[in-house]
Amino acid sequence: MLDGYGEESPYFQGWKEYEKNGYDDVKNPTGIIQMGLAENQASNIYLFIILSLDLLKTWIENNQDAIGLTNNGESVFRDLALFQDYHGLPAFKNVLAEFMAEIRGNKVSFDPRKLVLMAGATAASETLMFCIAEHGDAFLLPTPYYPGDFGIPGFRVGMIYSNNERLVSTATKMSSYGLISSQTQYLQSKLLSGKEFREKYLEDNRNRVKERREMMVVGLGEAGISCLKGNAGLFCWVDLRNLLSSNTFTAEMELWKKILHEAGLNISPGASCHCSEPGWFRICFANMSQETLKVSMERMKAFISKQYYCM
């Protein structure tokens, strides 16, 4: 099996090729389209054209206090720039607890005092392991282990929630090694505090991601390619076993290289995702515009037709 995210893995090799020759509908229309990145550009303000950017832009335009680090016109920069308490900003923890309950239909409540804030899900997972593991213990983690409700990974917000007081106390002390900046906490507390905005944002984003997925499934279907049925996520698990020269992971890598260099599509071979059977590929659909997705589907159809013709 391949090292999923090592330097020589398809993930990074494909990324390098994309960086050297990335697609742009005007400047480089024959370039490589990035479809191997499991990020939600449908709501992400990190890269490229974004489905729900209009919602975030509207919020930003209407909430200049948050962006300018002011409160009612008064600067809060000094307060946020000084040494921060590793317990986190109370306003942020309170709104996080409220939001966590809300996305679960308010069927359960959360105590903000039982929240430990960390700079991302990776830091939170590592801290949790240090807190509960004994020498020689091992952990089995499902991947991806990060949920991304607002799809803005650049802000690096993760958390641990537990009813175990000792765990919360220990994790809080350890959080000093991976704190979320006060500026990020302040901005996101403002972003999450608007209940009407967050409800609309999540609903609209959910609908747009669903539309994008259906667009990909239909496009692949027209090319005679099927994918596993799913009801969530940012990518499709696509069956390209019929295009393999042999039922091996070596053949899968050969096919991946063809798709990358001949079709100009960077997708992820199943081996890099620890799939046990060769021929399955992960194709992300939420990290590009609708127009770019159309182009990618046209390229995929052309590539598959050529493969069948040569076989």
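**Exercise 1. Is the crossing of α5 and α8 left-handed or right-handed?** Work out the geometry and the contact too.

Before we start: this is a predicted model, where local features need pLDDT of at least 70 and side-chain atom pairs count only at pLDDT 80 or more, while totals for chains, interfaces and linings use all residues. Residues are numbered from 1 along each chain as its sequence is written, and side-chain values use heavy atoms, with hydrogens and water left out.

*Step 1.* Find the helices. Helices (H or I, at least four residues) and strands (E, at least two) are DSSP runs, numbered from the N terminus. Helix α5 covers residues 90-102, and α8 covers residues 182-193.

*Step 2.* Get the angle. Axes are lines fitted to C-alpha atoms, for helices over the stretch in contact, and angles run from 0 to 180 degrees between N-to-C directions. The axes of α5 and α8 come within 9 Å, crossing at roughly 40°. Under 35 degrees counts as roughly parallel, over 145 as roughly antiparallel, 65 to 115 as roughly perpendicular, and the rest as oblique. So α5 and α8 are oblique to each other.

*Step 3.* Get the hand. A crossing is left-handed if the near helix is turned anticlockwise from the far one by less than a right angle, and right-handed if clockwise. For α5 and α8 the answer is left-handed.

*Step 4.* List the contact (heavy atoms within 4.5 Å). From α5 come Ala91, Phe92, Val95, Leu96 and Phe99, and from α8 come Gln185, Gln188, Ser189, Leu192 and Ser193.

*Step 5.* Sort by class. Ala, Val, Leu, Ile, Met, Phe, Trp, Tyr, Cys and Pro count as nonpolar, Asp, Glu, Lys and Arg as charged, and the others, Gly among them, as polar.

**Exercise 2. Now pack α5 against α9: which residues make the contact?**

*Step 1.* Helix α9 spans residues 195-222, and its axis lies 12 Å from that of α5 at an angle of about 45°. That makes α5 oblique to α9.

*Step 2.* The hand of the α5 and α9 crossing is right-handed.

*Step 3.* Val95, Glu98, Phe99 and Glu102 of α5 touch Lys195, Arg198, Glu199 and Leu202 of α9. Here the tally is three nonpolar, no polar and five charged.

**Exercise 3. Describe how α1 meets α10.**

*Step 1.* Helix α10 covers residues 249-263, and its axis comes within 11 Å of the α1 axis, with a crossing angle of roughly 15°. The two are therefore roughly parallel to each other.

*Step 2.* This crossing of α1 and α10 is right-handed.

*Step 3.* On the α1 side, Pro10, Gln13, Gly14 and Glu17 meet Met253, Trp256, Leu260 and His261 of α10. Split by class, the residues are four nonpolar, three polar and one charged.
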